[in-house]
Amino acid sequence: MIQAQLNETNYSTMISAMLEQLDDRIQLDDMQKYTVQLVLWELVSNVIRYSTKKDANVYISWSDETVVIEVIDQGDGFEWENQLNNLPPHFTQQGGRGLFLIQQLATHFSFDEKGKRAIITIARKKGEKYD
Amino acid sequence: MIDIVTYDDKIVVSFQQDINFETSRVMEEMIQSRPWDTSHLQIDLSAVRFIDSSGVRLLISWLYPLKDRMHIEMIGVSAPIKHILSICQLDQIVDVK
């Protein structure tokens with residue numbers, strides 16, 4: 001497992017470090033690597049933008065089949081129910097694409113009831129979500 | 001961060017680093033300060049390895065209002081970025097190569 005505590009001053013460096021550690025330990029194709037990077041940027045930047053605490057604990061674990069990313073907001077959580085959408089936002093809409101992209105790329109994506117803990121599963125085998 | 005070169009027949013915009021939550025605000029200020037008077041806009045993403053939703057938002061808010069006034073094409077787009085742009089339907093308003 002890889003874990004780190006990210007905040008508004010270290011998040012960019014820490015995300016790069018976590019991606020390097022993951023790359024050293026398991027083999028992922030370019031799209032899988034991109035998806036891990038996207039999930040980290042989207043969820044951590046959400047915490048930095050909207051959380052009351054601007055701190056997140058991030059855990060990355062893996063098996064032969066999946067990579068599981070857990071992001072825990074140390075603040076009061078996030079009202080995610082209205083933000084999840086299966087359709088892409090219209091061109092004139094400013095935001096709303098971050099969680100939409102994660103929904104499209106991940107095999108599984110959920111929040112707990114308080115919106116503090118997000119769990120994302122990414123398939124490692126081709127063809128399970130994209131090929 | 002962004003190189004902009006104006007030719008007789010086109011403007012070429014080359015992004016020199018990733019377009020993400022950390023970089024997109026300054027990039028947007030550079031982009032929105034220009035008039036974009038051209039019939040052909042070429043966007044070079046060959047130095048860009050990663051675009052997040054902030055980057056997609058930047059591209060859409062810049063390019064959607066221009067789409068009926070000029071031909072817009074993107075070159076040097078990696079396969080993962082192409083996939084991201086397709087999910088967000090940016091390939092409907094831009095010729096992604």
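Buried area is the accessible area that two parts lose on being put together, summed over both. In this predicted model, chain A and chain B bury about 2,200 Å² between them, and 72% of that area lies on carbon and sulfur atoms. The contact involves 23 residues of chain A and 25 residues of chain B.

In soluble globular proteins, nonpolar side chains tend to be buried together. Here the largest nonpolar core has 75 residues, and those with the most contacts inside it are Ile69(A), Phe15(B), Leu41(B) and Trp62(B). Helix α2 of chain A, residues 30-50, gives the most to this core, with eleven residues. The surroundings of Leu41(B) can be followed in some detail. Leaving aside residues up to four places away in sequence, Leu41(B) touches Ile11(B), Val13(B), Trp36(B), Trp62(B), Leu63(B), Leu66(B), Met70(B), His71(B), Ile72(B) and Glu73(B). Two of these names return elsewhere: Trp62(B) is listed among the residues with the most contacts inside the core, and Glu73(B) takes part in a salt bridge with Lys97(B).

Helix α1 of chain A shows how a helix can be arranged against its surroundings. This helix runs over residues 11-25, and its 15 residues reach 21 Å from the first C-alpha to the last, close to the 21 Å expected at 1.5 Å a residue. Its buried residues are Tyr11(A), Ser12(A), Ile15(A), Met18(A), Leu19(A) and Leu22(A). Seen down the axis of α1(A), these buried residues fall within an arc of 130°, so they line one face of the helix. The face turned away from the buried side carries the exposed residues Thr13(A), Glu20(A) and Asp24(A). The cover over the buried residues of α1(A) includes β1 (2-7), α2 and β2 (55-62) of chain A.

Chain B has its own helix α1, at residues 24-32, in which Ser24(B), Met27(B), Glu28(B) and Ile31(B) are buried. These residues cover an arc of only 100° around the axis, which puts them on the same side of α1(B). On the other side of α1(B), Arg25(B) and Glu29(B) are exposed. Among the elements that cover the buried residues of α1(B) are β1 (2-6), β2 (11-15) and α2 of chain B.

Charged pairs come next. Side chains of opposite charge can pair when their charged atoms come close. In chain A, the side chains of Asp23(A) and Lys33(A) meet in a salt bridge, with 3.3 Å from N to O. This pair links distant parts of the chain, for Asp23(A) belongs to helix α1 and Lys33(A) to helix α2 of chain A, ten residues apart. Both ends are partly exposed: Asp23(A) has a relative accessibility of 43%, and Lys33(A) has a relative accessible area of 32%.

In chain B, Lys97(B) and Glu73(B) form a salt bridge at 2.8 Å, N to O. Lys97(B) lies in the segment after β5 and Glu73(B) in strand β4 of chain B, so the pair ties together parts that are 24 residues apart in sequence. Glu73(B) is buried, with a relative accessible area of 6%, whereas Lys97(B) is partly exposed at 47%. Lys97(B) also forms a salt bridge with Asp95(B), whose closest N and O atoms are 3.8 Å apart. Asp95(B) is partly exposed, at 30% relative accessible area. Through shared partners, salt bridges join Glu73(B), Asp95(B) and Lys97(B) into one network.

Finally, some loop residues deserve a look. Most residues other than glycine have a negative phi. Lys54(A), however, has a positive phi, near 60°. Lys54(A) lies in the loop between α2 and β2 of chain A and is partly exposed, with a relative accessible area of 24%. Gln89(B) also has a positive phi, near 65°; Gln89(B) is found in the loop between α3 (79-87) and β5 (95-96) of chain B and is partly exposed at 28%. Lys67(B) sits in the loop between α2 (53-63) and β4 (71-75) of chain B. Beyond residues up to four places away in sequence, Lys67(B) touches Ile72(B) and Ile93(B).

Definitions and conventions:
Residues numbered from 1 in each chain as written. Chains lettered and ligands numbered in written order. Predicted model: local features only at pLDDT ≥ 70, side-chain atom pairs only at ≥ 80, totals over all residues. Heavy atoms only, no water. Core = buried A, V, L, I, M, F, W, Y, C linked by side-chain atoms within 4.5 Å. Buried < 20%, exposed > 50% of the residue type's maximum accessible area, 1.4 Å probe, protein only. Helix = DSSP H or I, 4+ residues; strand = E, 2+ residues; numbered from the N terminus. Contact = heavy atoms within 4.5 Å. Expected span 1.5 Å × (residues − 1). Arc of directions from axis to C-beta. Buried area = accessible area lost by both parts, 1.4 Å probe. Salt bridge = Lys/Arg side-chain N within 4 Å of Asp/Glu carboxyl O.
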